[in-house]
Amino acid sequence: MADLFIKQAEQYAEGRPSYPPQLFEFIASKTSSHELAWDVGAGSGQAARSLSGIYKNVIATDTSPKQLAFAPRLPNIRYQLTPPTMSIAELESSIAPQSSIDVVTIAQAIHWFDLPNFYQQAKWVLKKPHGVIAAWCYTVPEVNESVDAVFQPYYNTAVEPYWDPARKLVDNKYETIDFPFESVDGADHTGPFPFVTERLMDLDSYFTYLRSWSAYQTAKEKGVELLSNDVIEEFKRAWTEDGQDKKVVKHPIYLRIGRVGNE
């Protein structure tokens with residue numbers, strides 16, 4: 001997974017959306033204490049930054065040193081480079097002791113994981129029985145009718161062959177991902193629960209986001225420039241149609257959340 005994002009780490013840090021406060025408020029409302037959070041697959045720290053405003057301490061881990069290099073340095077976030085897999089002994093020495101973590105979060109990353117191994121680790125470090133695991137993804141950007149009309153065939157036809165198969169879990173809004181946890185208090189299922197993030201973007205920022213995709217990098221390595229001059233011109237025509245340089249871009253977010261129980 002890390003290799004897919006190393007070469008465009010800076011574009012990832014610049015181009016990826018942040019997450020709405022409502023998402024973190026909802027997650028925090030389901031954790032009985034707010035001492036320690038573990039953000040897994042932290043990338044360039046988009047989620048860790050928000051968690052640090054709620055939890056006393058945050059451990060943010062990733063397998064990519066280049067991604068972590070762009071993460072914000074805050075006094076209560078400890079960034080940790082980790083191997084793709086860890087033993088329980090390594091987990092205890094480099095992350096946290098058994099049953100010590102209030103919440104494990106995974107933002108736009110769990111679809112890359114070895115789920116049986118990761119879930120075993122999450123269940124080991126989470127406090128019993130109320131420790132919470134929260135994993136979310138965001139799907140494709142929504143701009144307006146004109147831009148989206150260019151984007152949809154670009155995404156579904158040009159880009160699609162270059163996605164890793166795991167990307168299908170995102171396209172399916174994490175509905176089909178294995179998630180063996182109990183419902184949190186106040187809920188009768190583990191999701192997905194819908195949220196949305198919005199940001200003001202110009203066309204250059206929009207292209208930076210598209211170039212941050214792992215599929216874009218995979219295509220580039222195979223000699224294919226997905227954002228060819230013709231494609232860029234097509235997006236430009238659609239973007240400038242309404243005369244507004246900057247536009248509100250929405251990303252639907254889908255959250256799976258559960259508690260560990262007494263496992």
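Reader: Let's start with H10 and H12. How are they oriented to each other?
Author: Helix H10 and helix H12 are oblique to each other, because angles under 35 degrees count as roughly parallel, over 145 as roughly antiparallel, 65 to 115 as roughly perpendicular and the rest as oblique. The axes of H10 (residues 203-211) and H12 (residues 229-239) cross at roughly 135° and come within 11 Å. Axes here are lines fitted to C-alpha atoms, for helices over the stretch in contact, and angles run from 0 to 180 degrees between N-to-C directions.

Reader: And which hand does the crossing of H10 and H12 have?
Author: H10 passes H12 in a right-handed crossing. A crossing is right-handed if the near helix is turned clockwise from the far one by less than a right angle, and left-handed if anticlockwise.

Reader: Before I go on, what kind of model is this, and how are residues numbered?
Author: This is a predicted model, with residues numbered from 1 along each chain as its sequence is written. Local features need pLDDT of at least 70 and side-chain atom pairs count only at pLDDT 80 or more, while totals for chains, interfaces and linings use all residues; side-chain values use heavy atoms, without hydrogens and water.
Author: As for the labels, helices (H or I, at least four residues) and strands (E, at least two) are DSSP runs, numbered from the N terminus.

Reader: Thanks! What is the strand order in the sheet?
Author: The order is E3-E2-E1-E4-E5-E7-E6, seven strands in an open sheet with mixed pairing. Two strands pair if DSSP finds at least two bridges between them.

Reader: Which strands stand at the edges?
Author: Those are E3 (77-81) and E6 (193-201); each has a single partner strand, so one side of each is left without a neighbour in the sheet. On average, neighbouring strands of this sheet are turned by 20° against each other, direction ignored.

Reader: What do E1, H4 and E2 make together?
Author: E1, helix H4 (residues 46-51) and E2 make a right-handed β-α-β unit. Right-handed means that, with the strands pointing away from the viewer, the path from the first strand over the helix to the second runs clockwise.

Reader: Is E2 mostly covered or mostly open?
Author: E2 (residues 57-62) is mostly covered, with five of its six residues buried. Buried means under 20% relative accessible area, exposed over 50%, and partly exposed in between (1.4 Å probe, protein chains only).

Reader: In what sense do E5 and E7 pair?
Author: E5 (residues 132-138) and E7 (residues 247-259) pair in the antiparallel sense over seven bridges. Ala135 stands opposite Arg256 in E7.

Reader: New topic: where are the cis peptide bonds you can show me?
Author: One runs from Lys128 to Pro129, with omega near 0°, and Pro129 is in the loop between helix H7 (115-125) and E5. Another joins Gly191 and Pro192, with omega about 15°; Pro192 is in the loop between helix H9 (167-171) and E6.

Reader: What about the backbone of Gln108 and Tyr174?
Author: Gln108 is not a glycine, yet has a positive phi of about 55°. Its place is in the loop between strand E4 (103-107) and H7, and at 6% relative accessibility Gln108 counts as buried. Tyr174 has a positive phi too, near 65°. Tyr174 lies in the loop between H9 and E6 and is buried at a relative accessible area of 0%.

Reader: Is Thr218 buried or exposed?
Author: Thr218 is buried, at 18% relative accessible area, and sits in helix H11 (residues 214-221). Thr218 and Tyr162 are 56 residues apart in sequence and 6.1 Å apart in space, C-alpha to C-alpha.

Reader: Last one: what does UniProt place at residues 39-128?
Author: The unreviewed UniProt entry places "domain: Methyltransferase type" there. UniProt positions are given in the numbering used here, feature names are shortened, and annotations may be inferred rather than shown by experiment. Over residues 39-128 the chain is 32% helix and 20% strand, with the end C-alpha atoms 18 Å apart.
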